[in-house]
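Here is a short briefing for a first look at this structure. Keep the view open while you read.

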Amino acid sequence: MSNQSLPQHKQNKIDSLYLRMASVWSENSHCNRSKVGCLIVKDRQIISDGYNGTPSGFPNECEDCNNNTLPTVLHAEANAITKIAKSANSAEGSTLYVTLSPCFDCAKLIIQAGIKRIVYSEEYRKTDSFKLFEEAGIEIKKIEI
């Protein structure tokens, strides 16, 4: 069953539920400044998850001594999308639930992965990705959780 066939009140309830789950998943992050969680859902099944942190095998340190984010940190969306690349799943037509709106670099990955909807709860300080989503025909929706 695709998301488009659901009545709006049911879709809102599902969106809120998955977004709260992404928020819980963000608690896995070792980052101090910001913990971000992400779920990718297709046909009402979670096909991938991610949170911000370092690549596998790297120390779980996200910030330097001045509390600046280290360049080795991956965003939650990038972690979730790269997990799909290692699986037999496809993100084509899926919805990405993320606690912080995607940055411009993650927006490019989201578009290339075929994700069609984004639901988020907090706005990232830079919103240049929103124009890119609009150009790509990707729905973006903010929900307070």
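Asn67 sits in the loop between strand 2 and helix 2. The model is predicted.

**Loops with a positive phi**
- Asn67 is not a glycine, yet its phi is positive, near 70°.
- Asn67 is partly exposed, with a relative accessible area of 41%.
- Arg44 belongs to the loop between strand 1 and strand 2.
- Arg44 also is no glycine, and its phi is positive at about 60°.
- With a relative accessible area of 40%, Arg44 is partly exposed.
- For background, most residues other than glycine have a negative phi.

- Five strands make up an open sheet with mixed pairing, in the order 2-1-3-4-5.
- Strand 2 (45–51) and strand 5 (139–142) are at the edges. Each has a single partner strand, so one side of each lacks a neighbour in the sheet.
- On average, neighbouring strands of this sheet are turned by 20° against each other, direction ignored.
- Strand 1 pairs with strand 3 in the antiparallel sense, over four bridges.
- Ile40 has Leu96, in strand 3, as its bridge partner.
- Helix 1 (residues 8–25) lies across strand 1, strand 2, strand 3, strand 4 and strand 5. Helix 1 runs at about 55° to strand 3.

**The nonpolar cores**
- The largest nonpolar core has 24 residues. Cys38, Ile40, Leu96, Val98, Ile110, Ile115 and Ile118 touch the most other members.
- At least two residues of this core come from each of strand 1 (37–42), helix 2 (76–85), strand 3 (95–100), helix 3 (104–113), strand 4 (117–122) and helix 4 (128–136).
- Leaving out residues up to four places away in sequence, Leu96 touches Cys38, Leu39, Ile40, Glu77, Ile110, Ile115, Arg117, Ile118 and Val119.

**Helix 3, side by side**
- Cys106, Ala107, Ile110 and Ala113 are the buried residues of helix 3.
- These residues cover an arc of only 130° around the axis, which puts them on the same side of helix 3.
- The buried residues of helix 3 pack against helix 2, strand 3, strand 4 and helix 4.
- Asp105 and Gln112 are exposed, on the face of helix 3 turned away from its buried side.

Notes: Residues numbered from 1 in each chain as written. Predicted model: local features only at pLDDT ≥ 70, side-chain atom pairs only at ≥ 80, totals over all residues. Heavy atoms only, no water. Core = buried A, V, L, I, M, F, W, Y, C linked by side-chain atoms within 4.5 Å. Buried < 20%, exposed > 50% of the residue type's maximum accessible area, 1.4 Å probe, protein only. Contact = heavy atoms within 4.5 Å. Arc of directions from axis to C-beta. Pairing = 2+ DSSP bridges. Axes fitted to C-alpha atoms, helices over the stretch in contact; angles between N-to-C directions.
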